[in-house]
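I opened this notebook to record what I looked up about the ligand site and the backbone geometry.

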Amino acid sequence: MPIGITALGTYVPTRVLTNKELEGMFDTSDEWIVSRTGIRERHLAAEDEFASDMGVRAVNDLSARYPGVLEGVDMVVCATSSPDALFPSTAAIIAGQVGLNGAGALDVLVACSGFMYALSVAQGMVLAKTATKVLVLGAEALSKILDWTDRTTCILFGDGAGAAIVEEVPEGYGFQSFVLGADSTGGPSLYKFAVADHIPGVPVGTGAMLGMNGREVFKFAVRVLGDSGEKAMNKAGLSGSDIDWMVPHQANVRIIESACGRFGVPLEKTVINLDRYGNTSTASVPLALREALDDGRVKDGDQLLLVAFGGGLSWGASAMKWYGGAGRKVAVQEQELVVK
Ligand code: ACO
């Protein structure tokens, strides 16, 4: 039974923080940030806006684009690196606010690789008949866990959310492979304390806010984006020339450029929007994919490769054939409404 994404919605907060504004906060420059990362601006959540609020707004966008899409959803999986609380899960909070009380709900915490893991969890649940229609989210209020005096980390991240429906799709569409992994030796390179003030390898007293060894993460990311993307293609019997669009985690344009070189997908076939959003962790892949759908780059039947990496250190990649059928149905309904 082929399983895939049938609908996608997104949300970013209205407040935009530019590199120029950061220049007034500490010793940095627009030129440094753009040349080292490709990021020009990012969206930040309001003071009273958390991951669940942004998740709900992404679901509202989903419902506006695909009317009636939540009907039959029996599971909610939310990937997040900045959950509202340890429990209740951010997924349960979102489910309650979008009229899905009673559906199963769980969070997936694999930092920026989380959305790829969540898609795979959803696919497994549908295949095992634990669920029939899964709402998968990536929702982030990263600005709340950043040290805004640490110029090496806070310049990189932004807030936002994506919401997707995962369910059965017609033959020839949907997920063709998943490659997921983690390597705890890189744990101290990217971290945030939760309960125990202790992470092996992290000095005591340094994990209250997001901490990172940028150079180590950079080296790791270049290697694993290439490796996991290649493995996901091999598993699906594909090579770089088969890929219509690669949609990578939006962390740093230099990381994406080197990964492209590794597996033969040209930069022109890669969706990049980090210049306007920064690294939105689990929301970055859905935000990039939605943009490429809206501007007509990604079309029904396109061969996609999604790749991500993050804290753990971790990675996740998937090859999939994009199913645009649900979107077409909505477009036809809208045309009919206009004709009437
Ligand atoms: N403005 C100006 N100078 C800066 C800034 C800044 N914002 N930040 C650091 N610098 C300085 C450093 O202090 C250093 O100065 P020094 O040479 O006098 O010591 C110099 O710039 C070079 O620093 P590097 O760390 O070597 O810079 P690099 O080229 O490695 O770029 C960066 C740093 C952008 C953080 C890069 O390493 C990177 O992108 N790493 C990956 C990070 C990442 O993707 N993290 C997210 C992972 S996903 C997740 O799960 C959250």
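The entries below take the ligand site and then the backbone.

**Basis.** I worked from a predicted model, in which local features need pLDDT of at least 70, side-chain atom pairs count only at pLDDT 80 or more, and totals for chains, interfaces and linings use all residues. Residues are numbered from 1 along each chain as its sequence is written, and side-chain values use heavy atoms, with hydrogens and water left out.

**Ligand shell.** I found 26 of them, the closest being Thr28, Arg36, Cys112, Arg215 and Asn252. I sorted the shell into 12 nonpolar, nine polar and five charged residues; here Ala, Val, Leu, Ile, Met, Phe, Trp, Tyr, Cys and Pro count as nonpolar, Asp, Glu, Lys and Arg as charged, and the others, Gly among them, as polar.

**Origin of the shell.** I took helices (H or I, at least four residues) and strands (E, at least two) as DSSP runs, numbered from the N terminus. Two or more shell residues come from each of α2 (30-37), α6 (214-235), α7 (253-263) and β12 (303-310). The most come from α6, which gives four. I also noted that domain 1 (3-168) and domain 2 (174-326) each supply at least three shell residues; the domain bounds come from an automatic or database assignment.

**Polar contacts.** I looked up N or O atom pairs within 3.5 Å. A polar side-chain atom of Arg36 is 2.7 Å from a ligand oxygen, and one of Trp32 is 3.5 Å from a ligand nitrogen. At Gly214, a backbone N or O atom lies 3.0 Å from a nitrogen of the ligand. I then noted that the protein covers 77% of the 1000 Å² of accessible area that the ligand has on its own (Shrake-Rupley method, 1.4 Å probe).

**Backbone.** Most residues other than glycine have a negative phi, and most peptide bonds are trans. I recorded a cis bond from Phe87 to Pro88, with omega near 5 degrees; Pro88 is in the loop between β4 (75-79) and α4 (90-97). Another cis bond joins Gly312 and Leu313, with omega about -15 degrees, and Leu313 lies in the loop between β12 and β13 (314-321). Lys129, not a glycine, has a positive phi of about 60 degrees; I located Lys129 in the loop between α5 (114-127) and β6 (134-140).

Notes:
A residue is near a molecule or strand if one of its heavy atoms lies within 4 Å of it. A polar contact is a pair of N or O atoms within 3.5 Å; within protein, one must be able to donate a hydrogen and the other to accept it, and residues adjacent in sequence count only if both atoms are side-chain atoms.
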